[in-house]
Amino acid sequence: MSTTTVPSAPQAESGSEPGDELRACIIGAGSTGIAAAKTLHQRGIPFDCYELGDRAGGNWVYQNSNGVSSSYNSLHINTSRERMEFSDFPMPKDLPDFPRHDHIADYFESYIDHFGFRDSIRFETGVEHVAPRADGRFDVRLSSGEELVYSHVLVANGHHWDPRMPEPSFPGSENFEGEQIHSHDYKHESQLVDKDVVVLGVGNSGMDIAVDASYHAKSTYLAHRRGAHIIPKYMFGKPVDQLGASERLPGPIRFWLMGLLCRMHSGKMEDYGLKRPDHRLGHAHPTISGRILDRLSHGAITPKPNIESLGADTVRFDDGTEVHADLVIYCTGYRITFPFFDRDFISAEDNRIDLYRFIFHPGVENLYFLGLVQPLGAIMPIAERQSELVARHIEGSYELPIRPAMEHEISARQQAMRRRYVTSKRHTIQVDFDDYMKELGREIDKCMLAGEETAPAVDTSAADKSPLVAA
Ligand SMILES: Cc1cc2nc3c(=O)[nH]c(=O)nc-3n(C[C@H](O)[C@H](O)[C@H](O)COP(=O)(O)OP(=O)(O)OC[C@H]3O[C@@H](n4cnc5c(N)ncnc54)[C@H](O)[C@@H]3O)c2cc1C
Ligand SMILES: NC(=O)c1ccc[n+]([C@@H]2O[C@H](COP(=O)([O-])OP(=O)(O)OC[C@H]3O[C@@H](n4cnc5c(N)ncnc54)[C@H](OP(=O)(O)O)[C@@H]3O)[C@@H](O)[C@H]2O)c1
């Protein structure tokens with residue numbers, strides 16, 4: 001199959017009726033949206049990218065004017081620089097292995113200028129509503145009030161910005177006289193100073209915030225309902241996600257090996273007062289921290305089981321112990337939401353959404369979801385490769401199977417996910433970085449074999465930089 005020639009088209013006009021022109025709408029200019037924009041730009045596919053904030057980078061922009069970034073002052077990446085960078089635009093070598101949020105946000109800004117597609121992004125412009133039309137296109141309403149028609153919509157609105165509070169809330173929480181916030185609303189260490197702080201959750205937010213609290217709060221308690229295998233940032237002097245050669249190992253062996261290395265490095269989680277994990281490493285989203293075990297072993301953080309209830313100024317835990325608390329920080333994860341879709345069109349109840357290869361909606365043509373995966377690895381190289389595949393679908397060189405075949409694949413994948421991962425709303429879109437990258441690469445290669453003329457902009461040959469695991 002040969003590449004379809006894509007006509008260049010003027011920007012969809014306000015109130016315009018559909019013609020036969022092809023023009024894509026990208027929702028969001030976070031790291032995922034800009035990867036999509038760069039790909040369409042390079043392949044000559046006309047598009048407009050809309051971004052709520054006044055700059056690109058989404059979550060990585062601390063105090064982002066979009067009002068929904070989950071970034072905090074002390075945030076550094078936990079997937080190493082070389083693991084996270086785009087394949088065709090390395091991060092500056094003078095950045096540390098785990099750069100801070102502002103380094104990462106600047107990197108995304110320079111990516112736009114390097115590839116020259118800034119003019120295609122409209123900042124401070126939200127997509128307010130998207131609805132399918134009878135002719136297969138989409139009505140798109142912007143925060144400016146403009147109403148446009150697009151042939152394709154690429155959703156890149158992120159899935160780590162809409163806080164999920166504990167459901168149901170803990171008994172007594174309505175009468176607690178201190179402060180209760182979600183990790184999304186934790187921004188700066190000054191929020192912790194001189195307070196008795198209870199942090200709930202042992203995902204990566206819980207780790208970072210408990211460590212911050214251990215330096216700034218009066219006391220810090222880390223509550224958790226399930227144990228986690230805490231993976232250090234470094235082993236053998238290298239970032240853990242660069243330990244090497246693992247993509248050639250089958251998944252179970254890869255994770256067994258990493259589990260063994262973690263035990264040799266840190267010992268048992270129970271030795272630090274944490275719960276024993278009820279699952280094997282690789283069967284829950286990885287928790288990575290270079291500092292939490294150190295702070296626990298210094299007594300700067302006191303581990304606790306799950307919260308049982310709250311009093312006026314106390315928190316009671318499942319083991320019957322009770323502590324004074326001024327601040328409870330719920331590091332309990334995020335919801336997947338699409339505020340611009342009517343709920344009866346598309347929603348993700350309990351974070352579940354049925355997408356073929358985590359991208360294509362089997363019931364809605366020309367609608368694509370990007371970056372909507374929770375990888376054991378970084379999202380950016382994945383978003384880049386997903387974008388390459390979507391571009392080929394738009395061009396016509398990548399064909400989807402018939403709907404029942406897509407639904408069969410989705411169902412099989414979800415069953416496998418349920419079998420492997422501990423039951424939690426955080427485990428509905430999990431992928432293994434290497435395996436998923438290879439899968440996308442194979443799909444892109446099919447287009448090449450089918451006669452596509454243009455070589456892929458990304459190297460689809462190897463999955464890459466050989467991690468054992470990363471988050
Ligand atoms: C605290 C924290 C740390 C993390 N650390 C890592 C890490 O180290 N490595 C890693 O790989 N991942 C990490 N993640 C995961 C994170 O999701 C990705 O790093 C990355 O932000 C995903 O990019 P994205 O573009 O998909 O989403 P986002 O960064 O959330 O960007 C989405 C963009 O879409 C815009 N947008 C949303 N709705 C609309 C709309 N209706 N109209 C117009 N624009 C809209 C937003 O303003 C935003 O700019 C972390 C997440 C959190 C919360
Ligand atoms: N430095 C970094 O790079 C960094 C920092 C922060 C976050 N992140 C990323 O951001 C994403 C979100 O991470 P996150 O830590 O915010 O969320 P998360 O990974 O979803 O973790 C949520 C934690 O809260 C627990 N939890 C959820 N609901 C609960 C309830 N009702 N009662 C008690 N415990 C509950 C979960 O336990 P169960 O497992 O039992 O559900 C889990 O321990 C991840 O991709 C993560 O890697 C990265």
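1. The shell around ligand 2 is made up of ten nonpolar, 13 polar and four charged residues. The structure is a predicted model, and every remark below should be read with that in mind. In total, 27 residues surround ligand 2, and the closest are N204, S205, R225, Q374 and S424. Helix α4, covering residues 204–216, gives the most to this shell, with three residues.

2. C331 takes part through its backbone, where an N or O atom lies 3.1 Å from an oxygen atom of ligand 2. Taken on its own, ligand 2 has 920 Å² of accessible area, of which the protein covers 89%.

3. Ligand 1 is surrounded by 32 residues, and the closest are T32, E51, N66, T79 and H160. By class, its shell divides into 15 nonpolar residues, 16 polar residues and one charged residue.

4. Which atoms of T32, N59 and V127 approach ligand 1? For T32, an N or O atom in the side chain is 2.7 Å from an oxygen atom of the ligand. For N59, a polar backbone atom is 2.9 Å from an oxygen atom of ligand 1. For V127, a polar backbone atom is 2.8 Å from a nitrogen atom of ligand 1. The protein covers 93% of the 980 Å² of accessible area that ligand 1 has on its own.

5. Y330 belongs to strand β20, residues 327–330. Is Y330 buried or exposed? Its relative accessible area is 2%, which is under the 20% limit, so Y330 counts as buried. M165 is 165 residues from Y330 along the chain, yet their C-alpha atoms are separated by 6.7 Å.

6. Helix α7 spans residues 380–395 and has 16 residues. From its first C-alpha to its last it reaches 23 Å, close to the 22 Å expected at 1.5 Å a residue. Because 16 of the 16 residues of α7 are buried, the helix is largely enclosed by the rest of the structure. Just after α7, G396 takes a positive phi of about 100°.

7. Some backbone geometry deserves a second look. Most residues other than glycine have a negative phi, and most peptide bonds are trans. A cis peptide bond joins E167 and P168, with omega of about -5°. P168 is placed in the loop between β8 (162–163) and β9 (179–182).

8. Q63, which is not a glycine, has a positive phi of about 55°. Q63 sits in the loop between β2 (47–50) and α2 (81–84). Its relative accessible area is 63%, which is over 50%, so Q63 counts as exposed.

9. D350 likewise has a positive phi, near 50°, in a residue other than glycine. The loop that holds D350 runs between β21 (334–335) and β22 (367–369). At 43% relative accessibility, D350 is partly exposed.

Notes
Residues numbered from 1 in each chain as written. Chains lettered and ligands numbered in written order. Predicted model: local features only at pLDDT ≥ 70, side-chain atom pairs only at ≥ 80, totals over all residues. Heavy atoms only, no water. Helix = DSSP H or I, 4+ residues; strand = E, 2+ residues; numbered from the N terminus. Buried < 20%, exposed > 50% of the residue type's maximum accessible area, 1.4 Å probe, protein only. Near = heavy atom within 4 Å. Polar contact = N/O pair within 3.5 Å; in protein donor to acceptor, adjacent residues only side chain to side chain. Areas by Shrake-Rupley, 256 points an atom, 1.4 Å probe, with all protein chains shown as cover. Nonpolar A, V, L, I, M, F, W, Y, C, P; charged D, E, K, R; others polar. Expected span 1.5 Å × (residues − 1).
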